[in-house]
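Here are my notes on the salt bridges, for your review. Please read them with the model open.

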Amino acid sequence: MAFLGEAVVGKICEMAVEMAVQKLTDEAKLLLEFSNDFSWLNDNLTNVRGFLQDADQQSPHNEGAKQWLEKVRVISLLAEDICEECATESMYGNDAQACSPSYNQWIFRYRIGRKIRDIKERMRYIIEDVNKLKLLREVFPASDVSPSTSHSVERKKSYLLPSVHSVGIESKVDDMLRLLDNNASPIIAVVGMGGIGKSYLLQHVFNNVKERYDKSIWLSFSQSYSISMLQCDIASHLALGQQIRSEGISHERAAELIHENLKGKRYLAVLDDVWETREDLLCKLGLLTGDNGHSKILVSTRNKEVCTILDAHMYELQCLSEKESWSLFCFYAFKGNKVSNHQLEKVGRDILKQCGNLPLAIKMVAASLPKTTMPRDWEAKLHRLKEVVVTDDDRQIMPILRLSYFSLPACLKACFAYLSFFPKVEQINCEYLVYLWIGEGFIPAGENQWDAAWDCINKLANLCLLQVWEQYEDRQGFRLTNYCRTHDLLNDLAITISKENKCIFSVDEACKGENGDCCRILLGMKDVNDTQISERRPVWLRALSLSQNSRITCIPGNIFTAMRGLRVLELSGTGISTLPQSLRKMKLLKVLNLNDTKIEKVPECVRHLKSLLFLALPQRCNKLPVWINEVKCLQHLDCKAVARMPKGISKLIALRTLRSHWLDLSSEDDRFMRTEDFVNITQLQELCLDVKDMDSRIEGEILALLVKMRRLTIRNSTAKELKLPKKMMAMKDLESLVVLKFAVESWICDMANLRELELMCCGGSHYLELQTMSNLVRLELSGNHNCKELPKAFGQQGGFMRLRFFKIDWFNELEEFPELEEGSMTCLEEFYLCNCRKVKKVGVG
């Protein structure tokens, strides 16, 4: 028996040794075959992405196929995380392909190798099972709608697209202006179905008359609006932001403050897209029209009951006439050209009938048609549209919009659906939108990544899925800005599509345990408080937005522990004063927005965010830490309150935007950035620079290096007069230039791409040829106490051909403005002559 026992023990030991050897062999393979496995993952991830994009071109209806695709997407997300983590480690010295890795690199390889092996079989199953792929192609038949091939606008010349075409708007604006002049109706409501152009009409009216009022306020509602958020919006128009947002203020007190501020003033308020309301709505908002007979409230709504409740005069907006509809259709389908092909015109008119004379539907369908002269290329679209019937019910337009969505290429689908990231009432900064797209991986990495992202904006705008315009609000050192927004119905569509793709938009859903596989939690402007923030940690979360929720004052300490794949964290407008240390584990985080929070010091955890591209800091934060140079991937740094940069900032060689107050390089302290440090950050495209006792060094060491600059503000703070350096002409892409207290010479007129120019207290011969600047859209001249007469060439035919905004301010000796000849300033929309007391004659009509 003893012998048998020893034999058993011996056999067990032998088996244990064999298992150990096998285990060590397998573990060694993880390390030795890492390069091959990683290459396999990278190559096949491309195949899986291609398959998903192909599937996304269709509209799946089979539930089993949907579940199968969802599994594919999960595997794709895991593979993307692995590839990005390897890329991040490689950038920071842990090169996965290094010949002699360090101990830490071996550990990294082992950990990643296990993950790759874990998904390798599942990926191989997806790629090699041809029968599955064929089955899916049967479930998703080839689309009969061709992807759009719309032309984009070259971004180097302009971010802007052609203005939105409108028909029949003039007579409707005139109707509204007559109603406004009628003092008997303080509240006017524009009523009509979704997509008919209510908001568009009110925008025209608002822009026409806002200068007549002491205060003008635009409020965008939603189906589930928040009184507190609307009060905050009103407060921002009245400079009451701090008082209204202060902790603990009641709705009643906020309404009192608004009413007190408006009392005795003549104001115009627009309440856009009011779905439903209560009799006390205006009282809760502090908008009472009984104080005087001159204040007006304009409302747009789809619900006639709103007019009754608010006791408003109703202006019912009708659909377009057949002639107006065809004019609008031709503009977007034929780019305004005359239709020479009668067969194509016949199909086009049949398509138009399916759009129900709704402007939004017409623009969407016409813009998505293939650019062709062959009628059969449009007949497929007509066939699909005939399945859609448009009635007075707003919901019936959604199939038309959805049809246009499904005709998009896969990349544009993802970009469009991402518009749901922003609350419906919010204007979208195009630059920020681009960073979000890049951060989420929608735009392939590469040298032309930025151009590709802006091209997506152009294409979406050309397809009428997005409206882009220039914003000219005063911003220190940052004037020429592009904003965009979508129609309410398109925003609804983006939200619907995002929900289908595991996005959450409500607090209740976010707190449910079964939603652990969601990819985005978007709670912007949902009036969320601290107790509603869940510590549940969805593994696949890519984006978390809590923006504009001022009642959030604290983020749970371990909320980020398992969110290793988080790419976007949007916390702007919250009441937080610090960030939890668990954020340091977010090695794949690309976008961190802390603007308008209570954070006063850059949190230490930011130091460990190796992949961070975008960082926006609040005004309270007036100092940058010396370790900021360790965030090496940073491209956008918004630190408006910081004047002196730490010396290490020069190591951020990828930096494109340095948005500071007035950058001061005059310090002799070695801890701060100096002129010579610019030699490394030549990718900068935006800068606000204060010149203090630097004169010739500016030309030789800074401005001559920044050849990629797009927006520049430069101020002379010295006691002596300095000339603006001619070497600035190397900035071929410069679009916005603000100059303070420099002598400016005529060579500035040769900067062909300049779209915005502001000259403040500037001497020299800089006025003589400004009218020849063919791309100039905005011009401001101020602070000249010697100029008695502007050049007569300003008013000559062919001058300022694209100028839309012209302002002259504090010209104390100016006596006359040149008369305009016919053909001069043909695009001028706004002209301001301020603080010019001697002017007796103005020739601007």
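Is Glu630 buried, partly exposed or exposed?

1. Glu630 is partly exposed, at 31% relative accessible area. (Buried means under 20% relative accessible area, exposed over 50%, partly exposed in between, with a 1.4 Å probe and protein chains only.) Its partner in a salt bridge is Arg607, with the closest N and O atoms 2.9 Å apart. Arg607 is also partly exposed, at 29%.

2. On the basis: this is a predicted model, where local features need pLDDT of at least 70, side-chain atom pairs count only at pLDDT 80 or more, and totals for chains, interfaces and linings use all residues. Residues are numbered from 1 along each chain as its sequence is written, and side-chain values use heavy atoms, leaving out hydrogens and water.

3. A salt bridge here is a side-chain nitrogen of Lys or Arg within 4 Å of a carboxyl oxygen of Asp or Glu. That rule gives 28 salt bridges.

4. (Helices, H or I of at least four residues, and strands, E of at least two, are DSSP runs numbered from the N terminus.) Glu431 is buried, at 10%. Arg659 is buried, at 10%.

5. A network of salt bridges links Glu431, Arg659, Glu686 and Arg711.

6. Asp690 and Arg715 form a salt bridge, 3.1 Å from N to O. Asp690 sits in strand E18 (residues 686–691) and Arg715 in strand E19 (residues 711–716), 25 residues apart. Asp690 is buried, at 3%, whereas Arg715 is partly exposed, at 24%.
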